[in-house]
Amino acid sequence: MSKIYIIHENSEWTNHLTARLEELELPYEEWHLDQGVVNLFEAPPEGVFYSRMSASAHTRDHRFAPELAESVLAWLEKNEKKVFNGTRALRLEVSKVNQYMALNACGIKTPKTLAAVGKEQIVEAAKQLGSASFITKHNRAGKGLGVQLFHSIESLREYVNSPGFEEPVDGITLIQEYILSPESYITRCEFVGGKFVYAVQVDTSEGFELCPADACQIGDLFCPVGEEVTEKPKFKIIEGFNDPIIEKYELFLQENKIAVAGIEFIRNAAGEIFTYDVNTNTNYNSDAEKVAGKFGMLEVAKFLGSELQK
């Protein structure tokens, strides 16, 4: 029987999709890839395949889930199966360096960034950046891993040589210019089937001093993929959002074979847009969706169902 196969490593981020698939009475099967065997000499089953593999898998003790998923996706693609968010999407999911280079190739501006391996090299990269204020973040991130704001080289040096330094799972720390926005929010644009669905405004006024361009602050409470309720709504769907950046984003997704994604940007005081994150394992805030009457996972389920029928 042909069905929809969901590739992932975190059921908490997949339950919302499977509930919609059941609502639409669509056949599906989950492939939880924290462990497994890939028989490269067997033919894959019939159906469509959708990857929701996450860059933050290692924070859930699934250290090699992305690598296993890449093997599975390569096997599916070699066998010419219909794969959504395949190997190319996964490479961008687990590397912000790859994200930024791909965004730049499509004429999309990203914050000035240097990548470094080694504590002294991180400090040297900050010197080369030459910004009065800058942030660090992990190359393979998710959940705001490694995000810190600094106003001096000395404070960075103290941090990287302290017990509190967070070692990136792939060894690569990014040093990035701090984009100061006159507004305390970022914008996240959601796409399904490579097409724009809606934009959500994410309030970044709470929490401690972090880059306002990173709504995924430390802990799931502040993460756009979280669905916990706070006293002040952090997420608000923007009615009638229309900006030329959407056309560029859709071209970027097409060029990189990404079907489902959330792309985040921030505006500086001059109104310039800086894109700083592409999340190919995007989730949606349930409270904001209820208010707006728009439901991302329902759109994903409908999209996968239509592809299964083809």
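1. A salt bridge here is a side-chain nitrogen of Lys or Arg within 4 Å of a carboxyl oxygen of Asp or Glu. With that in hand, Glu46 and Lys81 make a salt bridge, their closest N and O atoms lying 2.9 Å apart. Glu46 sits in the loop between β2 (28-32) and β3 (47-51), while Lys81 sits in the loop between α2 (65-78) and β4 (82-84), so the pair ties together parts that are 35 residues apart in sequence. Lys81 is buried, its relative accessible area being 17%.

2. A word on confidence before going further. This is a predicted model. The mean pLDDT of the protein is 91, and 91% of its residues reach 70 or more. Please keep an eye on residues 207-230, where pLDDT stays under 50; for this stretch the model has 68 contacts beyond four places in sequence.

3. Back to the charges. Side chains of opposite charge can pair when their charged atoms come close. The count comes to 17 salt bridges. One of them joins Glu70 and Arg91, at 3.7 Å from N to O. This pair links distant parts of the chain, with Glu70 in helix α2 and Arg91 in helix α3 (residues 87-93), 21 residues apart. How open are the two partners? Glu70 is partly exposed at 27% relative accessibility, and Arg91 is partly exposed too, with a relative accessible area of 32%.

4. Two further sets of charged residues deserve a look. Arg188 and Glu190 form a salt bridge whose closest N and O atoms are 2.8 Å apart, and both Arg188 and Glu190 are buried. Elsewhere, a network of salt bridges links Arg63, Glu67 and Arg140.

5. Now the aromatic rings. A pair of aromatic rings is described by the distance of the centres and the angle of the planes. The count comes to 12 aromatic pairs. In one of them, Tyr159 and Phe165 have ring centres 5.5 Å apart and planes at 70 degrees; planes over 60 degrees apart count as edge-to-face, so this pair is edge-to-face. Both Tyr159 and Phe165 are buried.

6. Phe191 and Phe196 are also edge-to-face, because their planes stand at 65 degrees, with the ring centres 5.8 Å apart. Are these two residues buried or partly exposed? Phe191 counts as buried, at 0% relative accessibility, whereas Phe196 is partly exposed, with a relative accessible area of 24%. Ring pairs link Phe191 and Phe196 with Phe241, Tyr249 and Phe265 into a cluster.

7. Arg20 lies over the face of Phe295, 5.2 Å from the ring centre. Arg60 lies over the face of Trp13, 4.6 Å from the ring centre.

8. The buried residues in α2 are Ala65, Pro66, Leu68, Ala69, Val72, Leu73, Trp75 and Leu76. An α-helix has 3.6 residues a turn, so residues three or four places apart point the same way. What covers the buried residues of α2? The cover includes β1 (3-8), β2, β3, β4 and α3. Just after α2, Glu80 takes a positive phi of about 60 degrees.

9. How many of its residues are buried? In α9, 10 of the 14 are buried, and the helix is mostly covered. Among them are Met297, Leu298, Val300, Phe303, Leu304 and Leu308, along with Glu307.

10. Last, two single positions. Thr18 belongs to helix α1 (residues 15-23) and counts as buried at 6% relative accessibility. Leaving out residues up to four places away in sequence, Thr18 touches Ile6, Tyr28 and Glu30. His151 lies in the loop between β7 (148-150) and α6 (153-160), and is partly exposed, with a relative accessible area of 44%. From His151 to Ser162 there are 11 residues in sequence and 17 Å in space, C-alpha to C-alpha.

Methods
Residues are numbered from 1 along each chain as its sequence is written. This is a predicted model: local features need pLDDT of at least 70, side-chain atom pairs count only at pLDDT 80 or more; totals for chains, interfaces and linings use all residues. Side-chain values use heavy atoms; hydrogens and water are left out. Rings of Phe, Tyr and Trp (its six-membered ring) pair if their centres lie within 6.5 Å; planes under 30 degrees apart count as stacked, over 60 as edge-to-face and the rest as tilted. Buried means under 20% relative accessible area, exposed over 50%, partly exposed in between (1.4 Å probe, protein chains only). A charge sits over a ring if NZ of Lys or CZ of Arg is within 6 Å of the ring centre and within 35 degrees of the ring normal. Helices (H or I, at least four residues) and strands (E, at least two) are DSSP runs, numbered from the N terminus. pLDDT is the predictor's confidence in each residue, from 0 to 100. Contact means heavy atoms within 4.5 Å.
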